[in-house]
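Please walk me through this model in a viewer. I would like to know what to select at each stop and what is found there.

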Amino acid sequence: MHKPRRLLVLATAVALAGLGPAALAVDSTPAAADKLAAARNLVKAEQWRAAIAELQTVNDTGSADWNNLMGFAQRKASPPDLAAAERHYDAALRIDPKHRGALEYSGELYLMKGELPKAEERLKALDRLCFLPCEEYTDLKEA
């Protein structure tokens, strides 16, 4: 194999290695996806209060994915509970500082609150985590 082609193959393998379960915005582990499937479906249906109730039933406060989903639902509910959303995003990031979904969504929360420097910090964190531009980085940058 020619040297340039080997480099391309290596770069592709490295890029694909970073696209495992942790690359998912909402859930970062397959086990969490199973436990949170009903809540994720309610979030997709934009049934925020029902999603919050389902997440309270699951009550997996030690899960970054659970906290991220709870923060997301709290932020999207009408009226939104921004303080609760922030607490959950912070908890998700304490559990998993590289949780791309929590970084993106907390950045969006900070934009809602008019806290641009904090949103920019989240964008920088995503920039460091994403080998190539990832969806979470792109979405927050656009926001």
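Keep in mind that the model is predicted.

**Stop 1: the largest nonpolar core.** Select V43, L55, L69, F72 and Y89, the residues with the most contacts inside the largest nonpolar core, which has 18 residues. Next, colour the elements that give two or more residues to this core: helix 3 (37-44), helix 4 (48-58), helix 5 (64-76), helix 6 (82-95) and helix 7 (100-112). Helix 5 supplies the largest share, five residues.

**Stop 2: F72.** Centre on F72 and show its surroundings. Leaving out residues up to four places away in sequence, F72 touches V43, W48, Y89 and Y105.

**Stop 3: helix 4 against helix 5.** Hide everything but these two helices. Their axes come within 9 Å and cross at roughly 150 degrees. An angle over 145 degrees counts as roughly antiparallel, and helix 4 and helix 5 are therefore roughly antiparallel to each other. The crossing of helix 4 past helix 5 is left-handed.

Now show side chains at the contact. From helix 4, select W48, A51, I52, L55, Q56 and V58; from helix 5, select W66, L69, M70, F72, A73, Q74 and K76, which they meet. Sorted by class, this contact has 10 nonpolar, two polar and one charged residues.

Stop 4: Apart from it lies another core, of 12 residues; select L123, C134, Y137 and L140, which are among them.

Key. Residues numbered from 1 in each chain as written. Predicted model: local features only at pLDDT ≥ 70, side-chain atom pairs only at ≥ 80, totals over all residues. Heavy atoms only, no water. Core = buried A, V, L, I, M, F, W, Y, C linked by side-chain atoms within 4.5 Å. Buried < 20%, exposed > 50% of the residue type's maximum accessible area, 1.4 Å probe, protein only. Helix = DSSP H or I, 4+ residues; strand = E, 2+ residues; numbered from the N terminus. Contact = heavy atoms within 4.5 Å. Axes fitted to C-alpha atoms, helices over the stretch in contact; angles between N-to-C directions. Parallel < 35°, antiparallel > 145°, perpendicular 65-115°, else oblique. Left-handed = near helix turned anticlockwise from the far one by under 90°. Nonpolar A, V, L, I, M, F, W, Y, C, P; charged D, E, K, R; others polar.
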